[in-house]
Amino acid sequence: MTRRWALLLAAGTMLAMTGHAQAQGFFGPDSRDIMGGGPSFFGGGGAGPIRRTTVMFPTNYAPGTIVINTGERRLYLVLGSGQALRYGIGVGRDGFRWSGTHRITAKKEWPSWTPPSQMLRRRPDLPRHMAGGIENPLGARAMYLGSTLYRIHGSNEPETIGQAVSSGCFRMTNEDVTDLYSRVFVGTTVIVKN
């Protein structure tokens with residue numbers, strides 16, 4: 001109970017610091033259309049429906065490579081010796097899935113978010129910019145993929161992990177994205193398969 005109150009107090013403090021008034025009205029019933037936004041950052045104890053685990057993963061990819069299988073809705077971090085760390089992810093909904101090979105070009109903790117113009121055309125009600133924090137749809141960490149608009153990022157809606165609801169980004173629970181963030185570097189190869 002003490003931990004829950006501490007988390008609630010921290011959440012309230014973060015809201016005050018990140019401009020609660022700016023975020024009001026942003027998260028509505030269709031907030032899942034955005035990159036994972038929603039007010040339930042600590043909902044469900046932060047645990048998603050898919051647990052991170054080490055699995056057998058025979059591959060020729062070098063250790064440290066990230067392999068995303070959108071069909072499985074899983075992200076694999078190749079460990080070597082035929083193993084990988086497997087994470088559950090949320091993927092792009094129909095019409096927003098893609099494949100290819102990129103590298104992580106930037107990593108950010110508590111990233112700010114500026115919706116791309118394509119998203120603003122679909123959702124003109126979105127804010128033009130949001131500071132990082134618990135209301136931000138990018139969550140606790142973000143890893144930017146090449147020159148694309150896409151990221152591997154956290155989510156404050158852990159219940160969406162394992163679903164196809166994003167606009168092309170790959171979302172993880174904040175706990176999982178923080179774990180992955182600590183294991184990879186700028187320059188890490190990311191292979192996305194449909």
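User: What makes a run a strand or a helix here?

Analyst: Helices (H or I, at least four residues) and strands (E, at least two) are runs assigned by DSSP and numbered from the N terminus. Arg 73 sits in the loop between strand S2 (66–69) and strand S3 (74–80). The model is predicted: local features need pLDDT of at least 70, side-chain atom pairs count only at pLDDT 80 or more, and totals for chains, interfaces and linings use all residues. Residues are numbered from 1 along each chain as its sequence is written, and side-chain values use heavy atoms, with hydrogens and water left out.

User: Why is Arg 73 called partly exposed?

Analyst: Buried means under 20% relative accessible area, exposed over 50%, and partly exposed in between (1.4 Å probe, protein chains only). Arg 73 has 25%, so it is partly exposed. Its phi is positive, about 60 degrees, although Arg 73 is not a glycine.

User: What makes Arg 52 and Asp 176 a salt bridge?

Analyst: The rule asks for a side-chain nitrogen of Lys or Arg within 4 Å of a carboxyl oxygen of Asp or Glu. Arg 52 and Asp 176 meet at 2.6 Å, N to O. Arg 52 lies in the loop between helix H2 (20–23) and strand S1 (53–56), and Asp 176 in helix H4 (residues 174–183), so the pair ties together parts 124 residues apart in sequence.

User: Why is Asp 176 called buried?

Analyst: Its relative accessibility is 7%, so Asp 176 counts as buried. Arg 52, at 37%, counts as partly exposed.
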